[in-house]
Every structure is written in C-alpha cells, then in structure tokens.
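Thank you all for coming.

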Amino acid sequence: TWKPIADEVMFQTSAKPQAGTGCLPCSRHHLGRVAGLLEEALRFARTDGLGHPEVVRRIDMAEREIENMEAVDLTPENIAKLPPEQKELAEWALAKGRTLRHLLDGMNAQSEVSELEKTAVRSSEIATEYRARTWGLSPEVMRKLVEKALLVKEGRLTKSEALSQLKMEER
C-alpha cells in the first residue's frame, strides 16, 4: 500500500529535528541531485568521452551525494527512529543508492558512454519513484503523469488535453 508521507508529518515530534537526524526530504534532494549530475555528465560524455574533466567531476559529485545520504541522513540510528512506512522508504533509498554507487564506482575513462547513459536513466527513475512514494503515488500513476508531462513539454499535447486523457484513463 502507498501512504503519503508529507514533509510536515515526517517531523512531527515534541521538539524541532536536530541537524543530522534521519531526513527523508533530504534523501529526495540527494537522489534528485544525483540524477541531475549524471544527466550533465552524460551531456559532456556524448561529445568528449568519459575522460573529460567535467564528466569525472560530475560523477565524483554524484558519488558524494549518495555517500552523504547514506552517512548523514539514512544512518541505522536515524532509520531506527522512523515510523514503519518511513523505514521502508529509507531502506529502499539506501538499497537503490548503494546500487547506483556501485555502478559509478565501476566506471572509468575506458568505460562506454552507454554505461553512463544506463546509470543516468536508472538514477532518474529512482529519483522519480522516490518522489512518487513520498507523495503516495504508485510508480504506475507517476509513470503516466511523467509521460503526459513530456508530451506537453514537447508541444504534442496541451495541459488540458493531458488532464482529460489522465481522467479518461482513471475510469
């Protein structure tokens, strides 16, 4: 079951959260930043290869984002303090982050650009699914929303047409 986890609910405690406590919204930002960094790295890699300094820099920054999420926001101590549905999400994020980190660790200047492309696509999917989970949306619903948004962005649908189609599919 998908339960919405609003930012304000995550922090309902008797006191304000202290810096460095388990932070699911922060994890959402880390995952989104990883996706953005890898998209930018891919942009450079397509023309200049994986050895380009900007590719190396962005991959390094993406790895640090994952490490920060793991070492600061989603430590075992912080996860233990979360309610069950939030623990599940935190553990899911840890597993996905670990997978991305291992994919990035294996890359070097001799790697294929297609390897970075697959990792960039996967990181974007993970960031999108994480956000969908925090909003209480299933991955299927989120996928449909993203598809319609891309069609609107490309000018192939208007906003009202996209909304009408989504409403029709809902029935």
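Predicted model: local features only at pLDDT ≥ 70, side-chain atom pairs only at ≥ 80, totals over all residues.

Residues are numbered from 1 along each chain as its sequence is written, and side-chain values use heavy atoms, with hydrogens and water left out.

The protein chain has 8 helices and 0 strands, where helices (H or I, at least four residues) and strands (E, at least two) are DSSP runs numbered from the N terminus. Of its 171 residues, 37% count as buried, and buried here means under 20% relative accessible area, with exposed meaning over 50% and partly exposed in between, using a 1.4 Å probe and protein chains only. If we take the contacts between residues at least 6 apart in sequence, 67% of them join residues at least 24 apart, a contact being heavy atoms within 4.5 Å.

Back to helix 3, which has 21 residues and reaches 29 Å from its first C-alpha to its last, close to the 30 Å expected at 1.5 Å a residue; the expected span is 1.5 Å times one less than the number of residues. Its buried residues include Val-55, Ile-59, Ala-62, Ile-66 and Met-69, and also charged ones such as Arg-58 and Glu-65.

How do helix 2 and helix 3 pack against each other? Helix 2 (residues 24–48) and helix 3 (residues 53–73) pack at an angle of about 165 degrees, with their axes 8 Å apart; axes are lines fitted to C-alpha atoms, for helices over the stretch in contact, and angles run from 0 to 180 degrees between N-to-C directions. The two helices are therefore roughly antiparallel to each other, since angles over 145 degrees count as roughly antiparallel, under 35 as roughly parallel, 65 to 115 as roughly perpendicular and the rest as oblique. By class, the contact of helix 2 with helix 3 has 14 nonpolar, 3 polar and 6 charged residues, where Ala, Val, Leu, Ile, Met, Phe, Trp, Tyr, Cys and Pro count as nonpolar, Asp, Glu, Lys and Arg as charged, and the others, Gly among them, as polar.

Leaving out residues up to four places away in sequence, Glu-65 touches His-30, Arg-33, Val-34 and Leu-37. Asp-48, by comparison, sits in helix 2 and counts as partly exposed, at 45% relative accessibility.

Finally, please turn to helix 5 and helix 6, which pack at an angle of about 170 degrees with their axes 11 Å apart, and which are therefore also roughly antiparallel to each other. Their contact divides into 8 nonpolar, 3 polar and 5 charged residues, and among the residues that meet are Trp-92 and Leu-100 in helix 5 and Ile-126 and Tyr-130 in helix 6. After helix 6 comes Gly-136, whose phi is positive, near 80 degrees.
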